[in-house]
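Hi,

Here is the structure I promised to pass on.

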Amino acid sequence: MLARAEKLEQASLDIAAEAERLNRDLSGIIRVTAPEALMTHIIIPIMMAYRTLHPEVRFENLSAETQVSLERGDADIAFRATDAVVGDTLIARRLPDITWSAYCSIDYVASHGMPERMEDLRNHAIVSFGKEIAHLGFVKWFVSHTSEDKIVATCNSVPNMSGMIRAGVGVGLLWTGSGDPLPDLVRCFPPPSELDTPWWLVASQEAHGLLRVRSFMDFAADKIDEERYGLRKKGEERGGLQ
C-alpha cells in the first residue's frame, strides 16, 4: 500500500506541476490585429468571452486597414480579409467569408431612389474604396458595375465608408455585419456571392508555439463558426443572407 501511495503522490505532484505550467503558458499578452470594423463588431466580443474563461490573458488590439507584419513580431495574431495569405512561414486558418452588399441612406433613397440590382449602380452616385483596399477582388468587381464618372468619393476604411453612406453621399459597399444593424441605412439587394471575401486567422510559427495564442485561435475560430456574424462559408447558398 505504501508503494501505491507513493505513486499516487508522485502522480498528484506531476499533475500540479503540469497545471502550473499550463497556467503560466496561458497567461500573458496576446497582440491581435484586424481591420477596425471587424475588430469592433466581432473580435472584441470574442476577446471578452475568452477572458471570462482565461482572465489571466490580456489583449493588445491593433486596428489597421493595412497588414501588420507577423513575421517581424508586430502582432501575434491577425484577422485578415484578403484573397490569399502571403508568407511561407505563416500558419493560416480560413474562416467563413465576409459578405458584402451595396447600401445607401434612407435620405438618399428619398431623393434618388435605390439600386435594386448590380446593373442599376451605373445610374447612382458611388462611394468607393481608395487605393489601400481598391486592389482587392471584391472591390474591383463592384467598381466594374459602376460608371467612373459616378464615383463621387473614396475612403480608406469600413467605418469611413459607413459614415459617408449615412451622410447621403452615395451608394457604397459595406460588410453586412456592420451595415444591416444601422437603422438609417438600407441594403439595396441580397449580397452577391461574387463580393464574398476570404477571411483568415493567421499567426507566425513563433507565435503559434505559444499555448495562449493557439488556445485563443481555436476559441475564436469556433466562436465565429458558431455565431456566423453575417458571414458565409465558401460554397454556401445565400438563402440565410437575403
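Predicted model: local features only at pLDDT ≥ 70, side-chain atom pairs only at ≥ 80, totals over all residues.

Strand 5 (residues 100-105) and strand 9 run antiparallel and are joined by three bridges; strands are DSSP runs of E, at least two residues, helices are runs of H or I, at least four residues, and both are numbered from the N terminus. Two strands count as paired if DSSP finds at least two bridges between them. S105 has L185 in strand 9 as its bridge partner.

Helix 6 packs on this sheet, touching strand 5, strand 6 (126-129), strand 7, strand 8 (171-175) and strand 9, where contact means heavy atoms within 4.5 Å. The buried residues of helix 6 (residues 158-166) are V158, M161, S162, M164 and I165, buried being under 20% relative accessible area (1.4 Å probe, protein chains only). They sit on the same side of helix 6 because they cover an arc of only 165° around the axis, taken from the directions from the helix axis to the C-beta atoms. Just after helix 6, G168 has a positive phi of about 85°.

**The parallel strands**

Strand 1 (residues 28-34) pairs with strand 2 (residues 57-63) in the parallel sense over seven bridges, and A34 is partnered by S63. Strand 1 also pairs parallel with strand 3 (residues 77-81), over two bridges, with T33 opposite A78.

Residues are numbered from 1 along each chain as its sequence is written, and side-chain values use heavy atoms, leaving out hydrogens and water.

Cheers

Terms used
Buried < 20%, exposed > 50% of the residue type's maximum accessible area, 1.4 Å probe, protein only. Axes fitted to C-alpha atoms, helices over the stretch in contact; angles between N-to-C directions.
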